[in-house]
Amino acid sequence: MASMVVQLLGFFLGLLGLVVSVVATVLPHWRRTLYVGSNIITTTAYMKGLWMECVWHSTGIYQCEVHRSMLALPPDLQAARALMVLSCLTSTLAVLVSSTGMKCTRCARRSPTKHVLAISGGVCFLSAGMLCLITVCWTTNDVILDFYNPILPEGMKYEIGMAVYLGYVSACLSLMGGVVLCWNCEGRPGNALPLQLPRRHHPPPPPVFSTLNTPAPPYYPPAALNGNRTPSRTSVSSSGYRLNDYV
């Protein structure tokens with residue numbers, strides 16, 4: 001029972017990490033404008049995401065424009081987009097595989113590979129968390145390098161957006177869920193029954209005759225056997241003598 005609860009905990013941690021990862025991938029708040037220097041703009045804020053760029057006005061209006069050409073994007077943005085999409089797909093695969101291998105499900109209940117499926121789901125959660133963590137760390141490093149670049153104008157400097165922090169949360173949740181699943185499913189599963197091979201019915205052994213208490217059959221020589229044989233009626237009649245003559 002405790003093992004099943006731990007499996008459910010790891011599964012829901014990974015599932016929550018998947019949801020947060022999808023939200024972080026879709027949101028445009030990866031980079032936002034930095035209010036420093038003399039060019040302080042209090043009525044407008046600029047935000048950049050993986051899929052679009054948005055402008056926020058103080059009146060509460062959002063204006064977003066989707067990136068039209070993928071080839072025209074910077075290489076770091078293309079890599080971040082590919083890694084986040086791959087992380088979401090890996091998390092989705094982890095949810096499907098781990099739900100099949102958990103003890104509380106009926107799928108492959110008597111199969112010896114059930115715990116292997118649960119471990120595979122945990123490994124997929126770990127992979128998804130690492131992909132998301134690499135993406136947000138890479139983006140954070142680029143933002144910090146641009147911030148401390150003296151050649152870059154102040155108007156082109158950005159700070160870390162909310163989606164990056166959500167990416168860190170998603171990576172931590174996915175990693176914790178994968179570790180819990182792999183740790184709980186280590187060893188032989190408790191819910192898988194051992195393989196039952198068909199029993200073969202072996203023939204009973206031949207009876208053993210004991211020669212100690214059993215007397216040996218009497219031995220008759222061939223001549224004695226021939227003399228002690230009782231002549232049959234057919235043989236007597238064929239010799240010329242009839243039995244009625246002597247009775």
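Predicted model: local features only at pLDDT ≥ 70, side-chain atom pairs only at ≥ 80, totals over all residues.

Q: Why is the disulfide of Cys 54 and Cys 64 called right-handed?
A: The torsion about the S-S bond of Cys 54 and Cys 64 is about 110°, so this disulfide is right-handed.

Q: What parts of the chain does the pair link?
A: The pair joins distant parts of the chain, with Cys 54 in strand E3 (residues 52-57) and Cys 64 in strand E4 (residues 62-66), ten residues apart.

Q: Why is Cys 54 counted as buried, and what makes Cys 64 partly exposed?
A: Buried means under 20% relative accessible area, and partly exposed lies between that value and 50%. Cys 54 has 1% relative accessibility, so Cys 54 counts as buried. Cys 64 has a relative accessible area of 45%, and is therefore partly exposed.

Q: Why is Cys 132 in no disulfide?
A: The cysteine sulfur nearest to that of Cys 132 belongs to Cys 88 and is 7.6 Å away; a disulfide needs sulfur atoms within 2.5 Å, so Cys 132 is in none. With a relative accessible area of 1%, Cys 132 is buried.

Q: How do you know that Cys 172 is in no disulfide?
A: For Cys 172 the nearest cysteine sulfur is that of Cys 132, at 9.1 Å, and the cut-off is 2.5 Å. Cys 172 is partly exposed, with a relative accessible area of 43%.

Q: Is His 67 buried or exposed, and why?
A: The relative accessibility of His 67 is 17%, so His 67 counts as buried. His 67 lies in the loop between E4 and H2.

Q: Which residues does His 67 touch beyond those up to four places away in sequence?
A: Among them are Gly 49, Leu 50, Trp 51, Leu 73 and Arg 81. The C-alpha atoms of His 67 and Gly 49 are separated by 9.4 Å, and the two residues are 18 residues apart along the chain.

Q: What makes up the largest nonpolar core?
A: The largest nonpolar core has 13 residues, of which Trp 30, Leu 50, Met 84 and Val 164 touch the most other members. H2, H3 and helix H4 (162-184) are the elements that give two or more residues to this core. Apart from it lies another core, of eight residues, including Phe 11 and Leu 181.

Q: Which residues are in contact with Leu 50, leaving aside its neighbours within four places in sequence?
A: Leu 50 is in contact with Thr 25, Trp 30, His 67, Leu 77, Ala 80, Arg 81 and Met 84.

Q: What lines the largest pocket?
A: Its lining has 16 residues, and Arg 31, Lys 48, Pro 74, Asp 76 and Leu 77 lie nearest its centre. Helix H2 (75-101) and helix H3 (114-147) are the elements that give two or more residues to this lining, and H3 gives the most, with four residues. The lining residues of the largest pocket divide into seven nonpolar, four polar and five charged. About 290 Å³ of space lies in this pocket.

How values were computed
Residues numbered from 1 in each chain as written. Heavy atoms only, no water. 1 Å grid on protein atoms, 1.4 Å probe; cavity = no way out; pocket = protein on both sides within 12 Å on 5 of 7 lines; lining within 4 Å. Points joined across faces, edges and corners; volume = space filled by probe spheres on them. Nonpolar A, V, L, I, M, F, W, Y, C, P; charged D, E, K, R; others polar. Core = buried A, V, L, I, M, F, W, Y, C linked by side-chain atoms within 4.5 Å. Buried < 20%, exposed > 50% of the residue type's maximum accessible area, 1.4 Å probe, protein only. Contact = heavy atoms within 4.5 Å.
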